[in-house]
Amino acid sequence: MGCAENFSALAEHQKKLIEDVVKRLKRLADGDFTETPVDEGIYTGYYSYIIDAVSQTNRNMSNVLIEIDQNAEQVASGAGQVADAAQGLSQGATEHASSV
């Protein structure tokens with residue numbers, strides 16, 4: 001393989017790698033945190049650090065959203081308890097006022 005062919009192959013490899021990273025980052029930006037299989041052939045050597053970082057970002061974002069959802073459920077539950085307690089206090093105050 002000559003120099004021109006080597007350069008062509010390298011350029012094609014770079015193109016595939018960049019297209020894959022861009023596709024994955026666009027999905028993250030669109031809120032799609034599902035992981036898709038990785039073409040190990042394009043993420044060789046130091047390039048593996050790129051897919052590792054993108055995958056870790058994906059997992060971290062997914063975990064953050066899960067935690068936010070869980071916390072929102074706890075806040076909603078707590079708000080319901082506060083509303084129930086306020087209703088109970090109001091009812092107790094009304095009963096006390098009517099007995100005085």
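Partly exposed, in this briefing, means a relative accessible area between the 20% below which a residue is buried and the 50% above which a residue is exposed. Asp 52 falls in that middle band, because its relative accessibility is 45%, and this residue sits in helix H2. Please keep in mind that the model is predicted.

- Helix H1 covers residues 3–29, and helix H2 covers residues 48–99.
- The end C-alpha atoms of H1 are 38 Å apart, which agrees with the 39 Å that its 27 residues should span at 1.5 Å a residue.
- H2 has 52 residues, and the distance from its first C-alpha to its last is 76 Å, close to the expected 76 Å.

**How H1 and H2 pack**

- The axes of H1 and H2 are 11 Å apart and meet at an angle of about 10°.
- That angle makes H1 roughly parallel to H2, because angles under 35 degrees count as roughly parallel.
- On the H1 side, the contact is made by Leu 17, Asp 20, Val 21, Arg 24, Leu 25 and Leu 28; on the H2 side, by Ile 50, Ile 51, Val 54, Thr 57 and Asn 58.
- Sorted by class, this contact has seven nonpolar residues, two polar and two charged.

**What is buried**

- In H1, the buried residues are His 13, Leu 17, Asp 20, Val 21, Arg 24, Arg 27 and Leu 28, and they pack against H2.
- In H2, the buried residues are Ile 51, Val 54, Ser 55 and Asn 58, and H1 is included in what covers them.
- An α-helix has 3.6 residues a turn, so residues three or four places apart point the same way.

**Asn 58 and Glu 35**

- Asn 58 lies in H2 and counts as buried because its relative accessibility is 7%.
- Beyond its neighbours within four places in sequence, Asn 58 is in contact with Leu 28, Phe 33, Thr 34 and Glu 35.
- Glu 35 belongs to the loop between H1 and H2 and, at 43% relative accessibility, counts as partly exposed.
- With neighbours within four places in sequence again left aside, Glu 35 is in contact with Arg 27, Ser 55, Asn 58 and Arg 59.
- Although Glu 35 and Asn 58 are 23 residues apart along the chain, their C-alpha atoms are separated by 7.5 Å.

**Ile 50**

- Ile 50 is another residue of H2, and its relative accessible area of 30% makes it partly exposed.
- Not counting residues up to four places away in sequence, Ile 50 touches Leu 17, Val 21 and Tyr 43.

**Other local details**

- A search of the whole structure turns up one aromatic pair.
- That pair is formed by Tyr 46 and Tyr 49, with 5.8 Å centre to centre and 40° between the planes, and is tilted.
- Tyr 46 and Tyr 49 are both exposed.

Definitions and conventions: Residues numbered from 1 in each chain as written. Predicted model: local features only at pLDDT ≥ 70, side-chain atom pairs only at ≥ 80, totals over all residues. Heavy atoms only, no water. Phe/Tyr/Trp six-rings, centres within 6.5 Å; stacked < 30°, edge-to-face > 60°. Buried < 20%, exposed > 50% of the residue type's maximum accessible area, 1.4 Å probe, protein only. Helix = DSSP H or I, 4+ residues; strand = E, 2+ residues; numbered from the N terminus. Contact = heavy atoms within 4.5 Å. Axes fitted to C-alpha atoms, helices over the stretch in contact; angles between N-to-C directions. Parallel < 35°, antiparallel > 145°, perpendicular 65-115°, else oblique. Nonpolar A, V, L, I, M, F, W, Y, C, P; charged D, E, K, R; others polar. Expected span 1.5 Å × (residues − 1).
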